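Here's a quick briefing to read alongside the fold. Have the model open and follow the topics one by one.

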Amino acid sequence: VQLQASGGGLVQPGGSLRLSCAASGSIFSINDMAWYRQAPGKQRELVATITSGSRRQYADSVKGRFAISRDNAKNTIYLQMTSLKPEDTAVYYCNADLKSTWYGPRNEYWGQGTQVTVSS
């Protein structure tokens, strides 16, 4: 199983970016998926989560600015980021809780990270 994140880049304050994360490989079912971020010198923090039924939760710091969505047919999640601030600068990682087979356990997988830099 692989998670491939994309969409990061350099953007000015107030700008927008859309991140994508596609899961591939041996996948039977995917439960929760999430975006985390890690800024230099800081711990990794949860940004947003989405359940298989599309219930969403957000960190207080991004509420009203970020939106997580999910395409179950494509095993893909998205993070639409608007009104970006310099403090949003971080490496963004996607995360998935999934089963590879119907009889196997649930395991957690991470994407490789995509850099988001907010700077003028």
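**The pocket, the sheet and the disulfide**

The largest pocket has a lining of 13 residues, and those nearest its centre are Arg37, Ala39, Lys42, Glu45 and Glu87. A quick note on the source: this is a predicted model, where local features need pLDDT of at least 70, side-chain atom pairs count only at pLDDT 80 or more, and totals for chains, interfaces and linings use all residues. Numbering starts from 1 along each chain as its sequence is written, and side-chain values use heavy atoms, with hydrogens and water left out.

**Pocket**

- The space in the largest pocket comes to about 170 Å³, a volume being the space filled by probe spheres set on grid points that are joined across faces, edges and corners.
- A pocket here is an open set of points on a 1 Å grid over the protein atoms alone, where a 1.4 Å probe fits and protein lies on both sides within 12 Å along at least five of seven lines; lining residues have an atom within 4 Å of a point.
- Sorted by class, that lining holds 7 charged, 4 polar and 2 nonpolar residues (charged means Asp, Glu, Lys and Arg; nonpolar means Ala, Val, Leu, Ile, Met, Phe, Trp, Tyr, Cys and Pro; the others, Gly among them, are polar).

**Four-stranded sheet**

- An open sheet is built from 4 strands in the order S1-S3-S8-S7, with antiparallel pairing (strands are DSSP runs of E, at least two residues, numbered from the N terminus; two of them pair if DSSP finds at least two bridges between them).
- Strands S1 (2-6) and S7 sit at the edges with a single partner strand each, so one side of each has no neighbour in the sheet.
- From one strand to the next, the twist averages 15 degrees (axes are lines fitted to C-alpha atoms, and angles run from 0 to 180 degrees between N-to-C directions).
- S3 (residues 17-24) pairs with S8 through 6 antiparallel bridges, and Ala22 stands opposite Thr76 in S8.

- S7 (residues 66-71) and S8 (residues 76-81) run antiparallel, joined by 6 bridges; Phe66 has Met81 in S8 as its bridge partner.
- Asn72 is in the loop between S7 and S8 and is partly exposed, at 44% relative accessible area.
- Asn72 and Val1 are 71 residues apart along the chain, and their C-alpha atoms are separated by 16 Å.

- Cys21 and Cys94 form the disulfide, with sulfur atoms 2.1 Å apart; the link is right-handed, with 60 degrees about the S-S bond.
- This pair links distant parts of the chain, 73 residues apart, with Cys21 in S3 and Cys94 in S9 (residues 90-99).
- Cys21 counts as buried at 0% relative accessibility, and Cys94 is buried at 0% too.
- S9 forms a hairpin with S10, with 6 residues between them.
- S9 and S10 (residues 106-110) pair in the antiparallel sense over 5 bridges, and Asp97 stands opposite Glu108 in S10.

Terms used. A disulfide is a pair of cysteine sulfur atoms within 2.5 Å. Buried means under 20% relative accessible area, exposed over 50%, partly exposed in between (1.4 Å probe, protein chains only).
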